Amino acid sequence: MGYSLRICHLYPDLMNLYGDRGNVMVLRQRALWRGIGVEIINVSLGDRTDLAECDIIFVGGGQDKEQSLICHDFRMVKGSSLAEAIEADAAVLAICGGYQLLGQKYLTHTGEEMPGLGVIDVWTRGGTRRLIGNVVIQSDLDGSDQTLVGFENHSGQTFLGSGVRPLGRVISGNGNNGQDRTEGAVYRNTVGTYLHGSLLPKNPWLADWLLTQALQRKYGEVELAALDDELEESAHRAALRRAGSQ
Amino acid sequence: MFQLSLESLFAFWAGKMLIKLARWTGHGGTSLSGKWARRLSPTILRELSRQCRHGVICVTGTNGKTTTSSLLASMLGQAGFTVLHNRSGANLIFGITTAFIARARWNGRLDCDYGLIEVDEATMPQAVREMPVTAVLVTNVFRDQLDRYGELDTTVAYIDRGVRELGPGAVLALNADDPRVAAIGSSRSDLDRVYFGIDCRAVAQAELTAAADARRCANCGNEFEYSSIYYAHLGDYICPACHYRRPEPTVALSGLAQETFRLSHLAIKTPNGSFEAILTLPGLYNAYNALAAAALAWRLGVAASAIVRALGVAGSVFGRTEEIPVGDRNLFMVLIKNPTGANEVLRTLLAQETGRTWVIAINDRFADGEDVSWLWDVDFECLAGAGPERIIVSGIRAEDMAVRLKYAGVPVERIAVENELARALDAGLAQVSPGETLVVLPTYTCMLELRELVAQRGYARRYWEV
């Protein structure tokens, strides 16, 4: 029987400031190379597509202005079906602004409080300093000890509550808040992170983890066929060297 | 006798000597001199620049600063003005100061009509504070080096802050087709505005590309309706909600025909009549640069004949697009630094089927932008079917580029990774036959390194000799 996945790219027109669309390209190609069918649906402002019908959901980062533009739509239009998808173990990757919006709240540095979707137990506070640079973290998300490489560029500082676990421990860079050495958050099959780069091209194991979760949820036990990742691995190593040399 | 205070005079001499020293030792450092001179006298740029008889023109924006300012310098030159121009592209405050030090005589006297200064967006407020700026030209605002400035709106805010500090009556030349640029300085009704834009449906594109940055109205957040799009988010737009729309261009490009790869035919319309010109630079993006320069030159009183002559001899500017004969082969180098610019370069190269072998060289140093995420916003998918038979990727981030091409659908057999630029260049040249062209697409610091390599082999002049 042929497998197929429905991948939703949330706000591709508004939340794609740092090449985050690369993540969707990688999920798509790595599924297609394995003979898994892919349907990509782009969902933006006002669109009432039922997100609970999607296997993988991706949302990237945007500028402050774009983020405030989608904030209302995110909670009021997408909110309930997105929360339903997350609670039902859909594979979700949310980066930077998308990650912040899934959390409980965002406190601006002027003290204003903006509510988030509140589906994952994190909250964010606006900082005065931008955290910018290469990042390396260590993660045991897939059960083994892996590294993730990426580039962070955020002024919000995110803190984790007890309902989530960090995606990884910071080896180099700032991560969630520049203080507690955590980076990202994981809740069920939802991953939130500050890592751009794009993230998945240089960390194919994370792409495969998301694909695996999505397939297993839909079809039961599934093993992904191995791919030739020589180029991806060498880009991963180059980013490790680069972060180490700075 | 002397134009400078004693303190600045000493700083100026120190700066002069540093320039000599840098040239003598073979380092083309263009900002070191200005940096030290400013440390010795913080007012040195003010004192040097106030000697420009008609003041200083600042050219800023994401893409096309260097080409536009070079074209404008040439137009002003054709009209008989003497112009001081920071032509090596060093556009931060230190580099700008160096340009003035290099040009002034040993007694500190500067003899020129206009200072024509390419200014980095974030340096605009300081540039306007320190120099007697009488005109500002803004080319466009795209995403570029966001790791340095944070976000696109921050970039616009920098330019706007500079514009707000302009003296009354200053000329403001703005790209009407770029929604964010057209709105710059809207609080200053006393400025003399000139809008430039394209009025030629024939060159419009079918749809927005992924790298389009400003599709939504900055006033109310609604999506613009475009009646034509030229590239990225540049076009004829209107906001359906608040009715903010493209201002009517004062100077418009009413016709564009690409004759050969490096030759286009332009028709330009001004309030006092139309004229036609041949532009010896490739691509629509260069037609925009030509139009921008022509619009400001026209407002400054330059005759159409001088504008036409300048466009006809444009050739190409340092580093942005250049052709270097290397023995019996040809090197064609085009700078890539952000998604919109790179998309235009790809579109132009593919339309002309240029080069069977390409080198794409990506560094992530400060001047390149330390975040290579932008590679994922470039539509490299166009290279999957057509395009070069072999692509050698090079530079510090060669592997990132290789992965980008792989996911764009370029077969991995066509991709070779060679981090060392010298070896990538040799491998590329070995692939092309005599008489053929090797296409090289470098980021900024790769371009500097490549020029140095080519110069060492005796094929091109070093850049400060240009």
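Trainee: Which residue of β4(B) does Val59(B) stand opposite?

Mentor: Keep in mind that this is a predicted model. β1(B) and strand β4 (residues 133–138) of chain B pair in the parallel sense over 5 bridges. Within β4(B), the residue opposite Val59(B) is Leu137(B).

Trainee: And which residue of β3(B) does Val59(B) stand opposite?

Mentor: Strand β3 (residues 114–118) of chain B runs parallel to β1(B), and 4 bridges join the two. In β3(B), the position opposite Val59(B) is taken by Glu118(B).

Trainee: Let's move to a helix. How many of the residues of α5(B) are buried?

Mentor: The buried residues of α5(B) include Ile93(B), Phe94(B) and Ile101(B). Among the elements that cover them are α1 (6–25), α2 (32–40), β3 and α6 (124–130) of chain B. Helix α5 (residues 93–103) of chain B is mostly covered, with a buried count of 9 of its 11 residues.

Trainee: Which strands stand at the edges of the open sheet of 6 strands in chain B?

Mentor: The strand order in this open sheet of chain B is β12-β13-β17-β14-β15-β16, with mixed pairing. Two strands have a single partner each, so one side of each is left without a neighbour in the sheet: these are β12 (321–326) and β16 (415–417) of chain B.

Trainee: What does the twist average from one strand to the next?

Mentor: The sheet in question is the open one of 6 strands in chain B. From one strand to the next, its twist averages 20 degrees.

Trainee: At about what angle does helix α15 of chain B run to β17(B)?

Mentor: Helix α15 spans residues 444–456 of chain B. The helix lies across β12, β13 (329–334), β14 and β17 of chain B, and its angle to β17(B) is about 140 degrees.

Trainee: What arc around the axis do the buried residues of α14(B) cover?

Mentor: In helix α14 (residues 421–431) of chain B, the buried residues are Leu421(B), Ala424(B), Leu425(B) and Gly428(B). They lie on the same side of α14(B), because the arc they cover around the axis is only 100 degrees.

Trainee: Which exposed residues does the face of α14(B) turned away from its buried side carry?

Mentor: On the buried side, the covering elements include β14, β15 (390–394), β17 and α15 of chain B. The face turned away from that side carries the exposed residues Arg423(B) and Ala430(B).

Trainee: Now for the two chains together. Which helix gives the largest share of the side of chain B that touches chain A?

Mentor: In this contact, 27 residues of chain B meet 29 residues of chain A. At least two residues of the chain B side come from each of α7 (146–149), α8 (152–164) and α13 (398–407). The largest share, 6 residues, comes from α13(B).

Trainee: Does Val302(B) count as buried or exposed?

Mentor: Val302(B) sits in the loop between α10 (284–299) and α11 (304–312) of chain B. Leaving aside neighbours within four places in sequence, its contacts are Met75(B), Leu76(B), Ala79(B), Ala297(B) and Ile307(B). There are 22 C-beta neighbours inside 10 Å of Val302(B), so this residue counts as buried.

Trainee: To finish, what is the radius of gyration of chain A?

Mentor: Chain A has 6 helices and 12 strands. For its 246 residues the globule rule gives 18 Å, and the chain comes close to that, so chain A is as compact as a globular protein of that length, with a radius of gyration of 17 Å.

Key:
Residues numbered from 1 in each chain as written. Chains lettered and ligands numbered in written order. Predicted model: local features only at pLDDT ≥ 70, side-chain atom pairs only at ≥ 80, totals over all residues. Pairing = 2+ DSSP bridges. Axes fitted to C-alpha atoms, helices over the stretch in contact; angles between N-to-C directions. Contact = placed C-beta atoms within 7 Å. Buried ≥ 20, exposed ≤ 12 C-beta atoms within 10 Å, placed from the backbone. Arc of directions from axis to C-beta. Rg over C-alpha atoms; globule rule 2.2 N^0.38 Å.
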